[in-house]
Structure formats: C-alpha cells, structure tokens
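Let's take a walk through this protein together.

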Amino acid sequence: MEEALAAVQALREASFEPATAATIVQHISEDVDWVLLGEATHGTHEFYELRAEITKVLIEERGFNAIATEADFPDAFRVNQWVCQLNNEDSSPREALGAFKRFPTWMWRNEEVATFLQWLHARNDAIEEEEKRHRMVGFYGMDIYSLASSTHSVIEYLQKIDSQAAEAARKRYSCFDRYGSDAVSYAFGLAKGHTSCETDAITQLVETLKEVGKRRDQVSGKLSEEEAEFAAVSNARVVKEAEQYYRSMFFAENLTWNIRDKHMTETACHLRTHLLRKGIKRPKIVVWAHNTHVGDARNTDMGRTRGEFTVGQLLREKFGNSAVSLVGMTTYKGQVLATDDWGGACKPMELRTCRNGSHEALLHCVGPARYGVDLRSAPAAGALTEALRQPRLQRSVGVLYQGASEQEELESHYFMGWMRHQWDLLVHIDETTASRPLDADGGGEDGDGVGDGDGGRRAEDGRDSFTEDDDPSGAPPTFPSGV
C-alpha cells in the first residue's frame, strides 16, 4: 500500500493539466525529430482524436514533414496521393480511404481519421505551388501485410516505365499466384511442403532498386514521379519482408513480431531518406501505432523474457533518446470499437475496469479525468524512478477484445511493463468511448495478411484447399489480440 501511494504521489508531481495537444507538444523537446504516438486500443475515439490534434500542432508549429502509420503501404499511399493532390480520382477522405477493404477496416476507415485527412488535404492545398514539394505533408503506411497488393503495385509501376521489366517481375511474383490474395495460405502451403518464394522476392527487390536508380536523376524535382518511385521500392520491400514473415509463421513463430517491427522501423527510416532526397534538410516524422509498437520493449516482459523489440526501441537505438519522443495513451474504463471474432464485424464493446495492481489502476488513482505525465520530468525523476521501479500489468487491446471474463481478459490483453522508461510522455484518459466507423459493420474483405476472415480456405484457380482443421482458431497464431 505504501509503495502504491508513493507511486501515485510521484505521478501527481510529474503530471500536467490540461492534457491538450498544445500542452502535450510543449512537453516534447524541440530537438526531437521523431514523435511516436501510441494508443492502448485500436478503437478509441479519444485516442484517435487527440493523436490527430497533436499531429496538427507538430506540423504547424514544429515543421513535421510526414506521418508514418501502422497501415498497409498501398492502402495508405492512395491516401497520400489524395492529401498531396497527386490523385484526381478521389474527391473526399472517404473515397481516399477506399483501398482499406481488408479486415479490420475500422482501424483507418473511421470518422476521426477522415476528419484529420480533410484538414491535411486543405492544408496542403493552400501551399504555394513552388513550395509544395518541400512543404506538403504526406501520409504513409509501414506495415507488412499487403503481400498481394504490393506485388500488383510493383508490376503496375514497372509497366509504366519498362514493359520488359514488368514482365520479369510478373514471372517472379507468379510464385505467389497459387495463393491468390490470401497470404496466410502461403504460410500453410510452406507447412505442407510447397517451395518458398524467397529468392524471387529478393531478386525482384534488387531489380526494382536498379530500375529506380536508372531514373533517379531524370525524375528528381518532379514530386509525382518521386513519390511513385518511393512507392515502388517500398512495395518491393514489403513483398520481400512479408514473404519472410509468413514463412516464419509456422516455423519460427517467435520471430514474426520482430520481423514486423523491424520492417516498420526500416520503412520509417526509408521515408526519412526519401524526404532527404527531396531536399528537406531535417526530416521530422510522426508515427501512429499501437502502444505495444511505440513503447520501448526493453522495459516490458516482451523484451526481457521473449526477446521482442519494438519500433520505439529501434528508433531510440538508431537515433538516440534525445531525437525520439515516445508518447503512450491509456484508459481505465469505457468502450472500444472491436470484435470478439476474428474477421467479424466491429461493434462498441464495454471495456472492463482495469485490474487492481495495473498501471492503469495506478493512473486512475492520480485523480483527474484526463491528464499528461512527463516521465522525464527532472524535478520528479528521482521519485518516479523509485516509485515505479517494480513492473506492473498493462492492458493492450487490438482489433480483438476478449473480455468475457476477467481471466480471459488477463490472458489475452495484459503484459508486464516498467512504465518509467517505457515512455517519455503518457496521456491518461480515465473513461473513453468507441471510435466511429465509416462503414456499418467495419469488417472488411478477406485478403492479404492477417486480415483473412476465418481459417477455412476456398479451393479456386488451382489453389490447394485449406480446411478449418489447419487453423482452428481463425486468427493467425502470431497475432492473437490484433495489435
């Protein structure tokens, strides 16, 4: 009890109100080039809304140049084309988000994201034409699950510049054809003895880099073509890394988390290089992802016992703590937009009150309904270190919420963490509401990656038939809670 009281007092001393976008940014050093904005769930209105508001302040007042998101690259790139006025096919954020058809669509096809994109589009549109290349802010994906759509994007790009290179790419990527758009079936196929597509994926990445390299001087200064080249190489990288991810799913399951977070980190770093090539002398990037990808894994049982790392940890290691700010967001109770059935429709679900002894229960006891905690606060640093030296449970809700019982929630959604060094800033909103999906059911189609609905696979176009016996859980084994 005394230890908990001391922790509450230390948190109060390091806390600040009101926790608005402006006050939160005031607690982020101006030396920072990376701001990672986390969320404890993938379906909380207040997290999405505050993340968008913080991003606006970072863009307008701190000169941030790009947003990298926990989204598939091809789907997010369509959004990027719209907000940067490089795509005349879409006329609204709802249309620009149209590529997000794979479960769980509500992660990105929601009112909160659409409202932010409308603001970003208008902001970019107001920039003078001669300044657009350097001042427009793009919106990019960095996730790994778009195997099929990324292969199509690479071929489509090459077809525009060199039909022979496109045909060679088509032949290499034909290795994946028997699996259609179902990347998880590729993993099942390897488990059944099918030949790996690893060599073809690596070769095509190398060849795509060569094709882009030939044209770099020619397209330099032409924003639309620079973006197209960046997208082509990024998609080729996705194919190479996604192949490794799915190949590891049943043979080295413990590696898949690290493959994914390493890929997301490298994609963010490639985005930084892309901005440098455009002449931006000091690129500054906002990252939107779940708390479990943003927090430093060295201060969680994920890192200390399972050897897993995160985007936040890797960026700290590469650029130094002083260049990276990790911001987490937590809640104690309320509602979340999620599903209890993999591939199912989303719905507002009641979040259980956080468990006694958890970080969230401690934050609840601090008092205010919404406040920030500067975990690097110099005056409170000693007290915080002492008070938070013991690990505590933390809750993590992805697109699945399995809270039918306290025990089920504990097993599915809690891990141990050392909050003091896991984050730089923490925003606690004691009671939250569900985000607002653009679509009635918010589910999505079967398709690339972990977004495939149930475990049963159809036999079509000469593909092998995979039955529910192959995957009785429905959700892939490496993605149990959808984070």
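Start with Lys 318, which lies over the face of Phe 319, 5.7 Å from the ring centre. A charge counts as sitting over a ring if NZ of Lys or CZ of Arg is within 6 Å of the ring centre and within 35 degrees of the ring normal. Arg 51 does this too: its charged end sits over the ring of Tyr 48, 4.6 Å from the centre.

A quick note on the source: this is a predicted model, where local features need pLDDT of at least 70, side-chain atom pairs count only at pLDDT 80 or more, and totals for chains, interfaces and linings use all residues. Residues are numbered from 1 along each chain as its sequence is written, and side-chain values use heavy atoms, leaving out hydrogens and water.

Now for rings meeting rings. The whole structure has 16 aromatic pairs, meaning rings of Phe, Tyr and Trp (its six-membered ring) with centres within 6.5 Å; planes under 30 degrees apart are stacked, over 60 edge-to-face, and the rest tilted. Phe 100 and Trp 108 make a tilted pair, with 6.4 Å between centres and 35° between planes. Trp 108 also stacks with Trp 288, at 6.5 Å and 10°. Trp 108 and Trp 288 are both buried (under 20% relative accessible area, with exposed over 50% and partly exposed in between, using a 1.4 Å probe and protein chains only). Phe 100, Trp 108, Phe 116, Trp 119, Phe 139 and Trp 288 form one aromatic cluster.
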